[in-house]
Amino acid sequence: MKEIKLHDYTIVLDEHLTNLKMWLSVQSYTRFYILLDENTHQHCWPIFKKECPLDHCELIVIESGEIHKNLDTCALIWQQLLQFRADRNALFINLGGGVIGDMGGFAASCYKRGIDFINIPTTVLSQVDASIGGKLGIDFKNGKNLIGLFKNPKRVHIATCFHGTLDHRQINNGLAEIYKHALIADELQWIKLKANSNFLEEDTLEVLYNSLLIKQQIVEEDPFEKGIRKALNFGHTIGHAIETFSLENDSNPLLHGEAIVIGMIAEAYLSVEKCKFHPQHLKDMVEVFSKRYPAYIIPEAAVDKIWEFMQLDKKNQSNKILAVLLKEIGQPVLDVEITLEELKSAMTYYNNCITEWKS
Ligand SMILES: NC(=O)c1ccc[n+]([C@@H]2O[C@H](COP(=O)([O-])OP(=O)(O)OC[C@H]3O[C@@H](n4cnc5c(N)ncnc54)[C@H](O)[C@@H]3O)[C@@H](O)[C@H]2O)c1
Ligand SMILES: [Zn+2]
(Lines give C-alpha, C1' and ligand atoms only; values in the text may rest on other atoms or scores of the structure.)
(Ligands and ions follow the chains in the order given, each with its own letter.)
Protein backbone atom coordinates (compact mmCIF):
# COMPACT_ATOMS: atom_id res chain seq x y z
CA MET A 1 0.00 0.00 0.00
CA LYS A 2 1.11 3.57 -0.70
CA GLU A 3 -0.27 6.91 0.39
CA ILE A 4 -0.07 10.46 -0.88
CA LYS A 5 -1.04 13.10 1.66
CA LEU A 6 -2.38 16.31 0.21
CA HIS A 7 -3.23 19.24 2.42
CA ASP A 8 -6.86 18.25 3.03
CA TYR A 9 -7.21 14.62 1.93
CA THR A 10 -5.27 11.43 1.36
CA ILE A 11 -4.93 9.27 -1.73
CA VAL A 12 -4.44 5.61 -0.92
CA LEU A 13 -3.09 3.27 -3.57
CA ASP A 14 -3.49 -0.43 -3.05
CA GLU A 15 -4.42 -3.62 -4.83
CA HIS A 16 -7.61 -3.98 -2.85
CA LEU A 17 -10.04 -1.98 -0.72
CA THR A 18 -8.89 -3.07 2.75
CA ASN A 19 -7.76 0.38 3.77
CA LEU A 20 -11.00 1.96 2.59
CA LYS A 21 -12.98 -0.48 4.70
CA MET A 22 -10.92 0.46 7.76
CA TRP A 23 -11.29 4.18 7.07
CA LEU A 24 -15.07 3.91 6.63
CA SER A 25 -15.39 1.95 9.87
CA VAL A 26 -14.08 4.90 11.89
CA GLN A 27 -16.18 7.58 10.18
CA SER A 28 -19.54 8.71 11.52
CA TYR A 29 -21.52 8.69 8.29
CA THR A 30 -24.99 7.25 8.74
CA ARG A 31 -25.81 6.47 5.12
CA PHE A 32 -23.87 5.82 1.92
CA TYR A 33 -24.93 6.62 -1.64
CA ILE A 34 -22.86 5.02 -4.36
CA LEU A 35 -22.83 6.46 -7.86
CA LEU A 36 -22.10 3.97 -10.66
CA ASP A 37 -22.61 3.69 -14.38
CA GLU A 38 -23.87 0.47 -15.95
CA ASN A 39 -20.32 -0.78 -16.60
CA THR A 40 -18.95 -0.09 -13.15
CA HIS A 41 -22.17 -1.53 -11.75
CA GLN A 42 -21.43 -4.74 -13.63
CA HIS A 43 -17.65 -4.90 -13.12
CA CYS A 44 -16.68 -2.87 -10.06
CA TRP A 45 -19.67 -3.05 -7.74
CA PRO A 46 -19.32 -6.86 -7.14
CA ILE A 47 -15.68 -6.29 -6.07
CA PHE A 48 -16.60 -3.31 -3.90
CA LYS A 49 -19.43 -5.03 -2.09
CA LYS A 50 -17.33 -8.13 -1.40
CA GLU A 51 -14.30 -6.22 -0.13
CA CYS A 52 -16.06 -3.39 1.59
CA PRO A 53 -19.59 -4.38 2.64
CA LEU A 54 -21.64 -1.45 3.94
CA ASP A 55 -24.87 -1.26 5.87
CA HIS A 56 -27.28 1.47 4.86
CA CYS A 57 -26.09 1.93 1.35
CA GLU A 58 -28.10 2.79 -1.75
CA LEU A 59 -26.99 2.62 -5.36
CA ILE A 60 -27.55 5.28 -7.98
CA VAL A 61 -26.84 3.80 -11.41
CA ILE A 62 -26.62 6.06 -14.45
CA GLU A 63 -25.85 5.43 -18.11
CA SER A 64 -22.17 5.40 -19.03
CA GLY A 65 -20.35 7.82 -21.31
CA GLU A 66 -19.41 11.45 -21.68
CA ILE A 67 -22.78 12.28 -23.32
CA HIS A 68 -24.44 11.66 -19.96
CA LYS A 69 -22.12 14.00 -18.06
CA ASN A 70 -24.74 16.73 -18.02
CA LEU A 71 -27.33 18.60 -16.03
CA ASP A 72 -30.11 16.10 -16.83
CA THR A 73 -28.13 13.30 -15.23
CA CYS A 74 -27.37 15.52 -12.24
CA ALA A 75 -31.10 16.15 -11.88
CA LEU A 76 -31.67 12.37 -11.81
CA ILE A 77 -29.00 12.00 -9.12
CA TRP A 78 -30.49 14.80 -6.98
CA GLN A 79 -33.98 13.37 -7.45
CA GLN A 80 -32.83 9.99 -6.18
CA LEU A 81 -31.01 11.52 -3.22
CA LEU A 82 -34.22 13.34 -2.30
CA GLN A 83 -36.26 10.15 -2.66
CA PHE A 84 -33.79 8.39 -0.37
CA ARG A 85 -34.13 11.36 2.02
CA ALA A 86 -30.38 11.77 2.02
CA ASP A 87 -29.21 14.25 4.63
CA ARG A 88 -25.91 15.93 5.30
CA ASN A 89 -24.62 13.03 7.41
CA ALA A 90 -24.42 10.93 4.29
CA LEU A 91 -21.33 10.04 2.33
CA PHE A 92 -21.49 10.05 -1.46
CA ILE A 93 -19.19 7.49 -3.08
CA ASN A 94 -18.12 7.81 -6.72
CA LEU A 95 -17.26 4.37 -8.06
CA GLY A 96 -16.25 4.72 -11.70
CA GLY A 97 -14.14 6.57 -14.23
CA GLY A 98 -13.65 10.28 -14.71
CA VAL A 99 -17.25 10.90 -15.74
CA ILE A 100 -18.55 9.47 -12.48
CA GLY A 101 -15.89 11.29 -10.45
CA ASP A 102 -16.38 14.72 -12.05
CA MET A 103 -20.18 14.59 -12.12
CA GLY A 104 -20.68 12.75 -8.82
CA GLY A 105 -18.40 15.19 -7.01
CA PHE A 106 -20.28 18.10 -8.58
CA ALA A 107 -23.70 16.66 -7.73
CA ALA A 108 -22.64 15.91 -4.14
CA SER A 109 -21.13 19.39 -3.71
CA CYS A 110 -24.38 21.07 -4.74
CA TYR A 111 -26.86 18.79 -2.97
CA LYS A 112 -28.11 20.55 0.17
CA ARG A 113 -25.14 22.91 -0.17
CA GLY A 114 -22.72 20.03 -0.18
CA ILE A 115 -22.37 16.57 1.27
CA ASP A 116 -19.06 14.76 1.69
CA PHE A 117 -17.87 12.58 -1.15
CA ILE A 118 -15.02 10.18 -1.81
CA ASN A 119 -13.66 8.93 -5.12
CA ILE A 120 -12.84 5.40 -6.06
CA PRO A 121 -11.57 5.89 -9.60
CA THR A 122 -11.75 2.73 -11.67
CA THR A 123 -10.03 3.67 -14.95
CA VAL A 124 -6.30 4.33 -15.23
CA LEU A 125 -7.07 7.79 -16.64
CA SER A 126 -9.22 8.80 -13.68
CA GLN A 127 -6.71 7.31 -11.24
CA VAL A 128 -3.72 9.28 -12.51
CA ASP A 129 -5.38 12.42 -13.73
CA ALA A 130 -8.64 13.16 -11.93
CA SER A 131 -7.45 12.17 -8.44
CA ILE A 132 -5.60 15.44 -7.87
CA GLY A 133 -6.64 18.98 -8.61
CA GLY A 134 -10.20 19.11 -7.28
CA LYS A 135 -11.80 19.82 -10.65
CA LEU A 136 -15.48 18.83 -10.68
CA GLY A 137 -18.11 19.50 -13.26
CA ILE A 138 -20.31 18.65 -16.17
CA ASP A 139 -20.55 19.43 -19.87
CA PHE A 140 -23.05 22.11 -20.91
CA LYS A 141 -24.29 23.21 -24.34
CA ASN A 142 -21.55 21.35 -26.23
CA GLY A 143 -18.88 22.82 -23.97
CA LYS A 144 -16.79 20.28 -22.08
CA ASN A 145 -16.59 20.84 -18.32
CA LEU A 146 -18.21 24.26 -18.68
CA ILE A 147 -20.12 24.16 -15.41
CA GLY A 148 -18.27 23.13 -12.30
CA LEU A 149 -16.16 24.02 -9.33
CA PHE A 150 -13.00 23.16 -7.45
CA LYS A 151 -13.56 20.97 -4.40
CA ASN A 152 -11.56 18.13 -2.98
CA PRO A 153 -12.98 14.77 -1.97
CA LYS A 154 -12.62 13.51 1.61
CA ARG A 155 -10.49 10.66 0.32
CA VAL A 156 -9.43 8.92 -2.87
CA HIS A 157 -8.88 5.20 -2.95
CA ILE A 158 -7.08 3.85 -6.01
CA ALA A 159 -7.37 0.07 -6.25
CA THR A 160 -5.66 -1.87 -8.99
CA CYS A 161 -8.14 -4.74 -8.62
CA PHE A 162 -10.43 -2.74 -10.93
CA HIS A 163 -7.97 -2.88 -13.84
CA GLY A 164 -8.90 -6.47 -14.72
CA THR A 165 -11.97 -5.48 -16.70
CA LEU A 166 -10.44 -2.54 -18.60
CA ASP A 167 -9.57 -3.28 -22.22
CA HIS A 168 -6.18 -2.32 -23.67
CA ARG A 169 -7.50 0.92 -25.16
CA GLN A 170 -8.72 2.06 -21.77
CA ILE A 171 -5.41 1.13 -20.14
CA ASN A 172 -3.43 2.99 -22.82
CA ASN A 173 -5.79 5.94 -22.50
CA GLY A 174 -4.59 6.49 -18.94
CA LEU A 175 -1.00 5.65 -19.78
CA ALA A 176 -0.85 8.67 -22.08
CA GLU A 177 -1.13 10.93 -19.02
CA ILE A 178 1.49 8.83 -17.20
CA TYR A 179 3.88 9.36 -20.13
CA LYS A 180 3.02 13.06 -20.11
CA HIS A 181 3.80 13.46 -16.41
CA ALA A 182 7.19 11.82 -16.93
CA LEU A 183 8.01 13.92 -20.01
CA ILE A 184 7.25 17.24 -18.33
CA ALA A 185 8.79 16.56 -14.94
CA ASP A 186 10.64 13.32 -14.35
CA GLU A 187 13.37 12.12 -16.66
CA LEU A 188 14.07 9.06 -14.54
CA GLN A 189 10.46 7.90 -14.78
CA TRP A 190 10.58 8.45 -18.59
CA ILE A 191 13.74 6.35 -18.84
CA LYS A 192 12.05 3.56 -16.89
CA LEU A 193 8.86 3.76 -18.95
CA LYS A 194 10.65 3.65 -22.27
CA ALA A 195 12.89 0.77 -21.23
CA ASN A 196 10.07 -1.56 -20.28
CA SER A 197 6.85 -1.71 -22.23
CA ASN A 198 5.19 -3.98 -19.65
CA PHE A 199 5.91 -1.67 -16.75
CA LEU A 200 2.29 -1.01 -15.89
CA GLU A 201 1.41 -4.66 -15.53
CA GLU A 202 4.58 -5.44 -13.58
CA ASP A 203 4.84 -2.47 -11.32
CA THR A 204 1.40 -0.90 -11.29
CA LEU A 205 1.37 0.71 -7.86
CA GLU A 206 4.83 2.21 -8.24
CA VAL A 207 4.06 3.66 -11.68
CA LEU A 208 0.74 5.17 -10.56
CA TYR A 209 2.33 6.49 -7.38
CA ASN A 210 5.24 8.21 -9.15
CA SER A 211 2.91 9.72 -11.69
CA LEU A 212 0.59 11.08 -9.00
CA LEU A 213 3.55 12.54 -7.08
CA ILE A 214 4.45 14.57 -10.18
CA LYS A 215 0.93 15.91 -10.51
CA GLN A 216 0.75 16.63 -6.78
CA GLN A 217 3.94 18.64 -6.84
CA ILE A 218 2.84 20.69 -9.82
CA VAL A 219 -0.69 21.35 -8.56
CA GLU A 220 0.49 22.28 -5.06
CA GLU A 221 3.05 24.67 -6.45
CA ASP A 222 0.48 26.39 -8.65
CA PRO A 223 -3.09 25.67 -7.53
CA PHE A 224 -4.68 28.32 -9.79
CA GLU A 225 -2.95 27.48 -13.07
CA LYS A 226 -1.00 30.74 -13.30
CA GLY A 227 2.36 29.18 -14.10
CA ILE A 228 3.91 25.73 -13.88
CA ARG A 229 0.53 23.95 -13.75
CA LYS A 230 0.18 24.85 -17.40
CA ALA A 231 2.87 22.24 -18.04
CA LEU A 232 0.16 19.61 -17.52
CA ASN A 233 -1.20 20.84 -20.80
CA PHE A 234 1.72 19.37 -22.75
CA GLY A 235 0.29 17.55 -25.79
CA HIS A 236 -3.14 19.03 -25.12
CA THR A 237 -3.09 22.23 -27.22
CA ILE A 238 -2.95 20.18 -30.41
CA GLY A 239 -4.23 16.91 -28.90
CA HIS A 240 -7.52 18.36 -27.63
CA ALA A 241 -8.31 19.79 -31.04
CA ILE A 242 -7.56 16.41 -32.66
CA GLU A 243 -9.81 14.74 -30.08
CA THR A 244 -12.66 17.11 -30.98
CA PHE A 245 -12.03 16.61 -34.70
CA SER A 246 -12.16 12.84 -34.26
CA LEU A 247 -15.33 13.02 -32.15
CA GLU A 248 -17.05 14.95 -34.91
CA ASN A 249 -15.80 12.85 -37.82
CA ASP A 250 -15.15 9.25 -36.81
CA SER A 251 -17.60 6.48 -36.05
CA ASN A 252 -15.13 5.07 -33.54
CA PRO A 253 -13.45 8.25 -32.28
CA LEU A 254 -10.07 8.49 -30.62
CA LEU A 255 -10.04 8.35 -26.84
CA HIS A 256 -8.63 11.36 -25.00
CA GLY A 257 -5.25 9.74 -24.33
CA GLU A 258 -4.94 8.51 -27.92
CA ALA A 259 -5.40 12.07 -29.19
CA ILE A 260 -3.02 13.46 -26.56
CA VAL A 261 -0.31 11.08 -27.76
CA ILE A 262 -0.61 12.61 -31.25
CA GLY A 263 -0.51 16.04 -29.62
CA MET A 264 2.62 15.10 -27.67
CA ILE A 265 4.40 13.94 -30.84
CA ALA A 266 3.40 17.13 -32.67
CA GLU A 267 4.41 19.37 -29.77
CA ALA A 268 7.67 17.48 -29.26
CA TYR A 269 8.41 18.00 -32.97
CA LEU A 270 7.82 21.74 -32.50
CA SER A 271 10.04 21.57 -29.40
CA VAL A 272 12.87 20.31 -31.59
CA GLU A 273 12.22 23.12 -34.08
CA LYS A 274 11.77 25.92 -31.58
CA CYS A 275 13.33 24.96 -28.23
CA LYS A 276 16.35 22.82 -29.09
CA PHE A 277 14.72 19.66 -27.74
CA HIS A 278 17.02 16.81 -28.76
CA PRO A 279 15.69 14.97 -31.87
CA GLN A 280 16.62 11.64 -30.26
CA HIS A 281 14.03 12.27 -27.54
CA LEU A 282 11.42 12.81 -30.21
CA LYS A 283 12.44 9.56 -31.93
CA ASP A 284 12.21 7.73 -28.60
CA MET A 285 8.71 9.07 -28.02
CA VAL A 286 7.55 7.96 -31.46
CA GLU A 287 9.07 4.53 -30.89
CA VAL A 288 7.40 4.11 -27.48
CA PHE A 289 4.01 5.36 -28.64
CA SER A 290 4.01 3.31 -31.84
CA LYS A 291 3.80 0.14 -29.73
CA ARG A 292 0.59 1.13 -27.97
CA TYR A 293 -1.43 3.61 -29.96
CA PRO A 294 -3.45 3.49 -33.17
CA ALA A 295 -1.88 4.72 -36.39
CA TYR A 296 -4.41 7.48 -36.94
CA ILE A 297 -3.74 9.49 -40.08
CA ILE A 298 -4.61 13.19 -40.01
CA PRO A 299 -5.91 14.07 -43.47
CA GLU A 300 -4.32 17.22 -44.90
CA ALA A 301 -7.73 18.80 -45.27
CA ALA A 302 -8.35 18.34 -41.54
CA VAL A 303 -5.55 20.63 -40.42
CA ASP A 304 -7.51 23.86 -40.91
CA LYS A 305 -10.38 22.41 -38.90
CA ILE A 306 -7.97 21.35 -36.15
CA TRP A 307 -6.54 24.87 -36.14
CA GLU A 308 -10.08 26.26 -35.73
CA PHE A 309 -10.67 23.98 -32.74
CA MET A 310 -7.38 25.16 -31.25
CA GLN A 311 -8.60 28.74 -31.52
CA LEU A 312 -11.83 27.85 -29.71
CA ASP A 313 -10.02 26.23 -26.78
CA LYS A 314 -11.03 27.87 -23.53
CA LYS A 315 -7.42 27.94 -22.34
CA ASN A 316 -6.43 30.40 -25.07
CA GLN A 317 -5.37 33.91 -24.18
CA SER A 318 -5.42 36.99 -26.39
CA ASN A 319 -6.17 35.09 -29.61
CA LYS A 320 -2.73 33.52 -29.69
CA ILE A 321 -2.28 29.78 -29.76
CA LEU A 322 0.06 28.97 -26.92
CA ALA A 323 1.52 25.56 -26.26
CA VAL A 324 3.79 23.91 -23.72
CA LEU A 325 6.96 22.74 -25.41
CA LEU A 326 10.01 20.97 -23.99
CA LYS A 327 13.64 22.00 -24.01
CA GLU A 328 14.69 18.79 -22.25
CA ILE A 329 12.86 15.82 -20.79
CA GLY A 330 11.48 17.21 -17.52
CA GLN A 331 11.98 20.84 -18.58
CA PRO A 332 8.85 22.40 -20.05
CA VAL A 333 8.74 25.81 -21.71
CA LEU A 334 5.39 27.48 -21.08
CA ASP A 335 3.34 29.74 -23.36
CA VAL A 336 5.16 29.26 -26.65
CA GLU A 337 3.15 30.70 -29.52
CA ILE A 338 2.57 28.38 -32.45
CA THR A 339 1.33 29.25 -35.92
CA LEU A 340 -0.82 27.48 -38.50
CA GLU A 341 2.28 26.85 -40.65
CA GLU A 342 3.98 25.18 -37.70
CA LEU A 343 0.92 23.06 -37.00
CA LYS A 344 0.93 21.98 -40.64
CA SER A 345 4.58 20.92 -40.53
CA ALA A 346 4.04 19.09 -37.23
CA MET A 347 1.10 17.18 -38.74
CA THR A 348 3.19 16.29 -41.80
CA TYR A 349 5.95 15.00 -39.53
CA TYR A 350 3.42 12.97 -37.54
CA ASN A 351 1.78 11.50 -40.67
CA ASN A 352 5.21 10.43 -41.94
CA CYS A 353 5.93 8.69 -38.64
CA ILE A 354 2.62 6.89 -38.88
CA THR A 355 3.50 5.43 -42.26
CA GLU A 356 6.51 3.71 -40.69
CA TRP A 357 4.51 2.80 -37.58
CA LYS A 358 2.00 0.90 -39.76
CA SER A 359 4.60 -1.00 -41.76
N1 LIG B 1 -11.23 16.15 -12.86
C2 LIG B 1 -10.12 16.02 -13.54
O3 LIG B 1 -9.07 16.55 -13.19
C4 LIG B 1 -10.15 15.18 -14.77
C5 LIG B 1 -8.95 14.74 -15.34
C6 LIG B 1 -9.02 13.92 -16.47
C7 LIG B 1 -10.24 13.57 -17.01
N8 LIG B 1 -11.39 14.04 -16.43
C9 LIG B 1 -12.70 13.67 -16.98
O10 LIG B 1 -12.79 12.26 -16.94
C11 LIG B 1 -13.59 11.81 -18.03
C12 LIG B 1 -12.84 10.71 -18.74
O13 LIG B 1 -12.50 9.71 -17.82
P14 LIG B 1 -12.60 8.17 -18.14
O15 LIG B 1 -11.83 7.85 -19.35
O16 LIG B 1 -12.35 7.43 -16.89
O17 LIG B 1 -14.13 8.08 -18.62
P18 LIG B 1 -15.38 7.21 -18.19
O19 LIG B 1 -15.79 7.49 -16.80
O20 LIG B 1 -16.39 7.46 -19.25
O21 LIG B 1 -14.86 5.70 -18.27
C22 LIG B 1 -14.55 5.13 -19.52
C23 LIG B 1 -15.38 3.85 -19.77
O24 LIG B 1 -14.89 2.81 -18.93
C25 LIG B 1 -15.95 2.23 -18.18
N26 LIG B 1 -15.32 1.73 -16.95
C27 LIG B 1 -14.89 2.44 -15.88
N28 LIG B 1 -14.23 1.64 -15.02
C29 LIG B 1 -14.26 0.40 -15.54
C30 LIG B 1 -13.71 -0.85 -15.13
N31 LIG B 1 -12.96 -0.95 -14.03
N32 LIG B 1 -13.93 -1.93 -15.90
C33 LIG B 1 -14.64 -1.82 -17.07
N34 LIG B 1 -15.15 -0.66 -17.53
C35 LIG B 1 -14.95 0.44 -16.77
C36 LIG B 1 -16.96 3.32 -18.03
O37 LIG B 1 -18.23 2.81 -17.79
C38 LIG B 1 -16.85 4.01 -19.39
O39 LIG B 1 -17.63 3.30 -20.33
C40 LIG B 1 -13.87 13.03 -18.89
O41 LIG B 1 -15.17 13.47 -18.63
C42 LIG B 1 -12.86 14.05 -18.41
O43 LIG B 1 -13.33 15.37 -18.56
C44 LIG B 1 -11.36 14.80 -15.32
ZN1 LIG C 1 -5.52 14.96 -20.53
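A residue is called buried when its relative accessible area is under 20%, exposed when over 50%, and partly exposed in between, using a 1.4 Å probe and protein chains only. By that rule, 54% of the 359 residues in the protein chain are buried.

This is a predicted model, in which local features need pLDDT of at least 70 and side-chain atom pairs count only at pLDDT 80 or more, while totals for chains, interfaces and linings use all residues. Residues are numbered from 1 along each chain as its sequence is written, ligands are numbered from 1 in the order in which they are written, and side-chain values use heavy atoms, without hydrogens and water.

The protein chain has 15 helices and 11 strands; these are DSSP runs, with helices (H or I) of at least four residues and strands (E) of at least two, numbered from the N terminus. Its C-alpha trace spans about 60 × 40 × 40 Å along the principal axes. Among contacts (heavy atoms within 4.5 Å) with a separation of 6 or more, 76% join residues 24 or more positions apart.

The zinc ion (ligand 2) is coordinated by Glu177 (OE), His236 (NE2) and His256 (NE2), at 1.9 to 2.1 Å. Donors are N, O and S atoms within 2.8 Å of the metal (3.2 Å for Na, K and Ca); water is not among the atoms, so sites may look incomplete. In sequence, the donor residues follow the spacing E-x58-H-x19-H. His236 lies in helix α11 (residues 236–249) and His256 in helix α12 (residues 256–275), so the pair ties together parts that are 20 residues apart in sequence. Both His236 and His256 are buried.
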